[in-house]
Amino acid sequence: RHSDHDWLFKNEMECLLKEGIISNLNVAFSREGEGTKRVYVQDKMKANADRIAHMIVDDDAVIYICGDGNKMAKEVESALMDILVKHKIKSSNDEITAVQLEVEKYVTKMKADKRFLLDIWT
């Protein structure tokens, strides 16, 4: 919510980016910028949807969600599902319901395989 006290491991993340260990770092702090539209994690995800889908489907990316379990984690997981459904529909003739079920199974398998990890609290 606030970069000054909620951005855990900021220095480490910036160092990993500078060293090229991670290629991109997108952060969202929803309580910053008086009078401006709030930016949430799921907004950043949707803005990078193609890249995220490619990393998950083609590169076996691991997703970590850490934070509020009441709203944020649910909305981030929903955004992830939407991203994967849209990605799958581009290359499929299946109906939307079938694709949604396939994506739900895929995300469930990601969780079982520890590729989708949650550290959330309420």
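This is a predicted model: local features need pLDDT of at least 70, side-chain atom pairs count only at pLDDT 80 or more; totals for chains, interfaces and linings use all residues.
No aromatic pairs occur in the structure: their number is zero, where rings of Phe, Tyr and Trp (its six-membered ring) are paired if their centres lie within 6.5 Å, with planes under 30 degrees apart counted as stacked, over 60 as edge-to-face and the rest as tilted. Residues are numbered from 1 along each chain as its sequence is written, and side-chain values use heavy atoms, with hydrogens and water left out.

The chain contains six helices and two strands, which are DSSP runs numbered from the N terminus (helices H or I, at least four residues; strands E, at least two). The order of these elements from the N terminus is α-α-α-α-β-α-α-β. The C-alpha trace spans about 45 × 35 × 25 Å along its principal axes. Of the 122 residues in the chain, 25% are buried; buried denotes a relative accessible area under 20%, exposed one over 50%, and partly exposed a value in between (1.4 Å probe, protein chains only). The chain exposes about 8,700 Å², and 52% of this area is supplied by carbon and sulfur atoms. Among contacts (heavy atoms within 4.5 Å) with a separation of 6 or more, 58% involve residues 24 or more positions apart.

Helix α6 comprises 17 residues (96-112), and at 1.5 Å a residue it should span 24 Å, which agrees with the 24 Å between its end C-alpha atoms. The expected span is defined as 1.5 Å times one less than the number of residues in the helix. Buried positions in α6 are Val 99, Val 103, Val 107 and Met 110. These residues cover an arc of only 75 degrees around the axis, which puts them on the same side of α6; the arc is that of the directions from the helix axis to the C-beta atoms. The cover over the buried residues of α6 includes α4 (49-57), β1 (63-68), α5 (72-90) and β2 (116-121). Lys 105, Thr 108 and Ala 112 are exposed on the face of α6 turned away from its buried side.

Just after α6, Lys 114 has a positive phi of about 60 degrees. Lys 114 belongs to the loop between α6 and β2 and is exposed, its relative accessible area being 59%. A positive phi, near 55 degrees, is also found at Asp 60, a residue other than glycine. Asp 60 is in the loop between α4 and β1 and is partly exposed, with a relative accessible area of 48%.

In helix α4, Ile 52, Ala 53 and Ile 56 are buried. Their arc around the axis is only 100 degrees, which puts them on the same side of α4. Elements covering the buried residues of α4 include α3 (41-47), β1, α5 and α6. His 54, also located in α4, is partly exposed at 37% relative accessibility. His 54 and His 87 are separated by 33 residues in sequence and by 8.5 Å in space, C-alpha to C-alpha.

Val 57 is a further residue of α4 and is partly exposed, with a relative accessible area of 35%. Residues up to four places away in sequence being left out, Val 57 touches Leu 84, His 87 and Tyr 106. Between Val 57 and Glu 95 the C-alpha to C-alpha distance is 20 Å, at a sequence separation of 38 residues.

Asp 43, in helix α3, is partly exposed at 27% relative accessibility. With residues up to four places away in sequence not counted, Asp 43 touches Lys 37 and Arg 38. Asp 43 and Ala 79 are 36 residues apart in sequence, and their C-alpha atoms are 8.4 Å apart in space.

How values were computed. Accessible areas come from the Shrake-Rupley method with a 1.4 Å probe; for residues, only the protein chains shown count as cover.
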